Amino acid sequence: MHLFPDERPQPLRRIVDRRPPSPARRGQTVLVASWLARAVALVVGVGLALQGLEPLLARTVAATAAALRHAVAVQLVLPDPDPLPELAERSVVVAGGSDRVRLATLHAEHNRCIVALDELPAHAVQAVLVAEDRRFFEHDGFDPRAVARAGLANLRARDIVQGGSTIPQQLAKTLVGDEVTFERKYHELLIALALERRHDKEVLLERYVNEVYLGAGAYGIEAAAQEYFAVSAAQLRVEQAALLAGLIRSPERLSPRRQPERALARRGAILAGMAAEGYLDSATAARLQALPLGVLPARERDTVAPHIVEAVKREFLALPAVGESWHDRRQLLFEGGVTIETTIDMVAQRRAEWLLREHVPAGDVAGAIAAVDPRDGRVLAAATGRDFHEEQFNLALQGRRHPGSAFKTFVLVAGLEQGLPLSTTLEGRSGATFGTERTTGPWAVRGVRNFGGRSWGEVDARTALVRSVNTAFADLVLRVGTPAMLDVTDRVGISRAAYGGRATPASALGGLDRGVTPLEMASAYGVFAVGGEHARPHLIAAVVDRDGTALYRAAASRERAVDPDVSAVVRAVLEEVVRSGTGVHAQLAGWPVAGKTGTSQDHADVWFAGATPTLAAAVWVGNPDARTPLHGMSSSRTAAPLWRAFMEQELADKRPQAFPGADRPLPAPLLGSPEDDGDET
């Protein structure tokens, strides 16, 4: 006997006109259907009373079904659209790169992965037919023999030991419910016959093997194969397929994990049935019955890089391209069967996580590394130093901390944009007090001190950034004004949430009300690696539907954030910071590096943010729960070496490149001369 015989039965007799009924006919349909339902109840009830008369019972049921088919007043019309809605299917999150590591499967109630019928081994489909509907390819939606056989078996056992429903009837049950009444059973029958009218057998069978619940949260044969055996449905062995098919009747009562004896007996019955139908020889069936169940223990449904997965979900739910409303996007995310391709490079992600564990001591102190490609905004890594079970908060993407001196770069951009050259003389004395006559607003800084109390006297803007002179940048922000600084940080991708609703001159030294995230800093410093353009950082590269059609692809575009000449000058100064300033421990062999250290007040946060021509990254170390001093740690001795360790490994197999435009001379007007004093500007 073959699963798909070469000579198919003659086309099933169609009993219904495809045209929808008129209102008058629809009323007649309801009336006649009601009476016929009662007739079914009477005939089947009498038949069931005749124990031991299986042939008569089969004939009575068959006669009743024939009467239904020939009732001219009954029109069997499926609503339009088809009442079988698209099945909810789990979505998949995968990493970027060539390996496409699966990071997570996302689903609401239904953990389902749809598989095509022709992808299944023949024995898997045969096992389902033996378990649920042996005459599937012979009947037209209703099987009188099966009803008679099940009715007598249930009466003899005084229990429900067999079911007479066909696969189309079981599909119909999802539409009419499972209330135990003859009227509902009659409506189920009508819909089953209608499904047979509209769909090919293979379509209904494929729907069934993907819809059915098989226990342990798994819907459909593919999810069940993965759940119980950690294989795809296409890889199921005969005895494994028989076990899964046997679960359809009662997945909880026959659970192979909780009721292995029952599951083993049920599997044996399916294998024996497959032999009886000619799918297996009896010797093979006997050999397979002797095998153990081989079911894997229940697994914790952990995801790979759960911090990343949570961030991907947040980004997806805010993505208008995949749905008009939040509700639509959520339904697509958890039931739409989409594949979400992320930008994350799992090699880089794991490397960053390992470095944080190795370099940041355990306890209250934590760290974060965010890395982004400045050319297109792809987030390649966003690692946090804490386990997801202990801390669901992603410090690399959500942790807002004071950036310290790393924020001074944006004040320098504002000054250059206003025409203040690098040679502008600024106040460098520690403990300097600034009178209101030099301010551009009502605020004045008093008693600003430099690191270690060092005084620099009068210092130019270039030296001020290279040596990270606090008083010089207090002077500079008063000259350019906080609105100009705010405008720059807007353009380079730093959210206004960093300021907590108000920007003050103290912000120039990193004194923000809320602070910045490592990702924001990595992305902002990446601007100077690509000539002053900013690419929006993103975690989602593409969203592909279950048919392989791209619903969304991230555009690889950049927007002008900083004038090219200004960007070139700032990049050159940041390179000097790494060559001879506070960032010397971030140097990379063969690669140019533009970056800046940062230490917040009270030494509670240490940073290094910087970029090469192809990769930008930011490192933060601190106590995420409180502002406590980091004893024995500094931005130059802790954050910069950690940044270098990450970048060295990431760039090890790549050929060094120069910054775009690095061979061109810097614009003289922005450099100025030692005699220039920006006071007149």
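Me: Strand E6 and strand E16 pair, but in which sense?

Reply: Antiparallel. Strand E6 (residues 366-372) is joined to strand E16 (residues 616-622) by 7 bridges. Two strands pair if DSSP finds at least two bridges between them. Strands are DSSP runs of E with at least two residues, helices are runs of H or I with at least four, and both are numbered from the N terminus.

Me: What kind of model is this?

Reply: This is a predicted model, in which local features need pLDDT of at least 70, side-chain atom pairs count only at pLDDT 80 or more, and totals for chains, interfaces and linings use all residues. Residues are numbered from 1 along each chain as its sequence is written, and side-chain values use heavy atoms, without hydrogens and water.

Me: Back to the strands. Which residue is the bridge partner of Ala366 in E16?

Reply: Gly622.

Me: What order do the strands of that open sheet come in?

Reply: The order is E7-E6-E16-E15-E14, so named for 5 strands with antiparallel pairing. Strand E7 (379-384) and strand E14 (594-599) are the edges. Each has a single partner strand, so one side of each has no neighbour in the sheet. From one strand to the next, the twist averages 5°. Angles run from 0 to 180 degrees between N-to-C directions, and axes are lines fitted to C-alpha atoms, for helices over the stretch in contact.

Me: Which helix packs on the sheet?

Reply: Helix H20 (residues 564-580) does, touching E14 and strand E15 (605-611). The directions of H20 and E14 make about 65°. Contact means heavy atoms within 4.5 Å.

Me: New topic. What is the pairing in the open sheet E2-E1-E5-E11-E12?

Reply: Mixed, over 5 strands. Strand E2 (102-106) and strand E12 (550-553) are its edge strands, and each pairs on one side only. Neighbouring strands are turned by 15° against each other on average, with direction ignored.

Me: Do strand E1 and strand E5 run parallel or antiparallel?

Reply: Parallel. Strand E1 (residues 91-94) and strand E5 (residues 339-342) share 3 bridges. Val92 stands opposite Thr339 in E5. Helix H13 (residues 326-335) lies across E1, E2, E5 and E12, at about 80° to E1.

Me: Now helices. At roughly what angle do H15 and H17 cross?

Reply: Roughly 45°. The axes of helix H15 (residues 408-417) and helix H17 (residues 470-480) come within 10 Å. The two helices are therefore oblique to each other. The cut-offs are under 35 degrees for roughly parallel, over 145 for roughly antiparallel, 65 to 115 for roughly perpendicular, and oblique for the rest.

Me: Is the crossing of H15 and H17 left-handed or right-handed?

Reply: Left-handed. That means the near helix is turned anticlockwise from the far one by less than a right angle, while clockwise makes a crossing right-handed. H15 contributes Lys408, Val411, Leu412, Ala414 and Gly415 to the contact. H17 contributes Asn470, Phe473, Leu476, Val477 and Val480. These residues of the contact of H15 with H17 are 7 nonpolar, 2 polar and 1 charged. Nonpolar covers Ala, Val, Leu, Ile, Met, Phe, Trp, Tyr, Cys and Pro; charged covers Asp, Glu, Lys and Arg; the others, Gly among them, are polar.

Me: And which way do H3 and H9 cross, left-handed or right-handed?

Reply: Right-handed. Helix H3 (residues 122-132) and helix H9 (residues 238-247) have axes that come within 8 Å and cross at roughly 35°. Their contact includes Ala127 of H3 and Ala241 of H9. The residues of that contact are 8 nonpolar, 1 polar and no charged.

Me: Is Ser468 buried or exposed?

Reply: Buried, at 11% relative accessibility. Buried means under 20% relative accessible area, exposed over 50%, and partly exposed in between (1.4 Å probe, protein chains only). Ala216 also has a positive phi, near 55°. Ala216 is in the loop between helix H7 (201-211) and strand E4 (218-219). Ala216 is partly exposed, at 34%.

Me: How much of the chain is buried?

Reply: 54% of the 681 residues. The chain has 22 helices and 16 strands.
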